[in-house]
There are 2 protein chains.
Amino acid sequence: MKYRPHMSQPARSPSPDTPEPATPGARRAAAQRLKMRRELSAAAMELFATKGYEATTVDEIAAAAGVARRTFFRHFRSKEEAIFPDHDDTLVRAAAVLDAAPAHENPLDTVCRGIKEVMRMYAASPAVSVARYRLTREVPTLREAEIASVARYERLFTRYLLGHFDEGAHREGDDDPLLAEVAASAVVTAHNHVLRRWLRAGAQGDVETQLDHAFEIVRETFGTGIGAGRADAGESAPAAVSREGEVLVTVARTDAPLDEIMRTIERALKQR
Amino acid sequence: MKYRPHMSQPARSPSPDTPEPATPGARRAAAQRLKMRRELSAAAMELFATKGYEATTVDEIAAAAGVARRTFFRHFRSKEEAIFPDHDDTLVRAAAVLDAAPAHENPLDTVCRGIKEVMRMYAASPAVSVARYRLTREVPTLREAEIASVARYERLFTRYLLGHFDEGAHREGDDDPLLAEVAASAVVTAHNHVLRRWLRAGAQGDVETQLDHAFEIVRETFGTGIGAGRADAGESAPAAVSREGEVLVTVARTDAPLDEIMRTIERALKQR
DNA sequence: GGCGCGGGTGGCACCGAATGCCACGGGCCG
DNA sequence: CGGCCCGTGGCATTCGGTGCCACCCGCGCC
């Protein structure tokens, strides 16, 4: 009855749909487009950092980049997106990582490698990431936008885990969907934790190593339906701690494949 | 330089700051306010369900509720908030649950009770929840808004867990912040999973029981003490194995010969 | 060369969400 | 009864976002 938005033109704001343009002349066009995105994003970050997010209008961003307001919205779906220009790209790259994963790999390891792709995107330009982090901490709108982005990764991983969980052995109670979701959220949460800590510290140090350590802890509490960890002898410790006179505690589902249980236990034991 | 939004009046759109108004005459005012919120929210839901979210203007919602457009924004910070009128309230109630938790209670159990408060809010009006669910599935804006709300609960729980994790025993490596975050996200994710499943099924059946079951699974993999007390690894035996329902619990001393531990476990597993 | 064609651009108009401001009106208290 | 508080209505304004049209530039084709 009213206007019925046609959503005609953009929706290609994200990464190029075809990873290989193949068209001879159209490649420069894509490069030009990317360059424009970078310039607009840089101008936006600059303005946001100096005079604040809300106080900065799209007009000013466009003017700073030397283009018209209308052009800005041809490259970004919204004002927020100028701060996260790479999330869409990274999402498809993460999906590609999952897609190209070797069949024998533990699905949990696969999604860990997937989110590491995200971490690499942040680590690729530490200065920008730190500035962006400062912004997202202050402006609620941006915080929610980032949360939404992270949720997209999480859903991707959840779907993947659900499709690669123990193809053969299905329980009747079937808590697999729950476990997939929880595992995906654990991996993503670990990533977020390490990332934020790294950003708060000014983006110094080796994030990837820290991330791997976090994954180690997550893996210790989750395995594919198996949780194995080291815990103190007498007391209730939140799984995965080591100390003298230590004891290995294993919690395993009896219906999980036997050899996988044994492998998990063996790995945990040999780790010291 | 521009307008510098004063953010003067609302920000009390959420629940009443004072749980006890105490003022004799001001109580009816709060009740009136609540009633208005309900009416506006109902009108909004009705319109959203019939003609869609984007196609519905705030003017129409206000008109349907018999008030002016300006009044709508006195009760809701935004158009989206009309769909989630109870989240702010529920957040403070969840915080109250954490606050009033007995000191001896397992923090993980406490946050489980906290999020159960959220579940109860959904369960209180199943029909509305289902309609809202349908909307959030379709409209990206609303989906992101809901994700943001959920993130607020998660942060609340993370902070709580961080403050109540094993006050005494702190490891030097100190992965507690990570574990707190992961645990909180696990609890919230479990809640989301059960909730969505329940809503997809048309809000039939006992959600709370399903939620408890999901908590059970989360507790099994997370622990805060993985049933280490039940089976003891004394000097005589290299490993003690006990099976509880679907789960195998093993406690083994790491200084015992590896193959002997493995043999003990294998024997116990095959004994099925 | 002229010509059409496709894609990026500028500019304009417009809708609608959101906020500030002021004036009205109805309860409540002194 | 006259003040006060507060919710409300209505108006004006800013600004994000979109549709539409005209323009221009590079390319291939007749």
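What follows is a chat about the predicted model shown above.

Me: Before we start, what kind of model is this, and how are residues and chains labelled?
Reply: This is a predicted model, in which local features need pLDDT of at least 70 and side-chain atom pairs count only at pLDDT 80 or more, while totals for chains, interfaces and linings use all residues. Residues are numbered from 1 along each chain as its sequence is written, and chains are lettered from A and ligands numbered from 1 in the order in which they are written.

Me: How many helices and strands are there in chain A?
Reply: Chain A has 10 helices and two strands, where helices (H or I, at least four residues) and strands (E, at least two) are DSSP runs numbered from the N terminus. Along the sequence the pattern is α-α-α-α-α-α-α-α-α-β-β-α.

Me: And what share of chain A is buried?
Reply: Of the 272 residues in chain A, 37% are buried; a residue is buried if 20 or more other C-beta atoms lie within 10 Å of its own, exposed if 12 or fewer, and partly exposed in between, with C-beta atoms placed from the backbone.

Me: Is A:Thr141 buried or partly exposed, and why?
Reply: A:Thr141 is partly exposed because it has 14 C-beta neighbours inside 10 Å.

Me: Switching topic, which residues have the most contacts inside the largest nonpolar core?
Reply: They are A:Val187 and B:Val187, in a core of 67 residues; a nonpolar core is a set of buried Ala, Val, Leu, Ile, Met, Phe, Trp, Tyr and Cys residues joined through C-beta atoms within 7 Å.

Me: What does B:Val187 touch?
Reply: Leaving aside residues up to four places away in sequence, B:Val187 touches B:Val111, B:Cys112, B:Ile115, B:Phe157 and B:Val218, where contact requires C-beta atoms, placed from the backbone, within 7 Å.

Me: At what angle do the α8 helices of chains A and B cross?
Reply: Helix α8 (residues 176-200) of chain A and helix α8 (residues 176-200) of chain B cross at roughly 145°, and their axes come within 8 Å. Axes are lines fitted to C-alpha atoms, for helices over the stretch in contact, and angles run from 0 to 180 degrees between N-to-C directions.

Me: Which residues make that contact?
Reply: Among them are A:Pro177, A:Leu178 and A:Glu181 of α8(A), together with B:Pro177, B:Leu178 and B:Glu181 of α8(B).

Key: Two residues are in contact if their C-beta atoms, placed from the backbone, lie within 7 Å.
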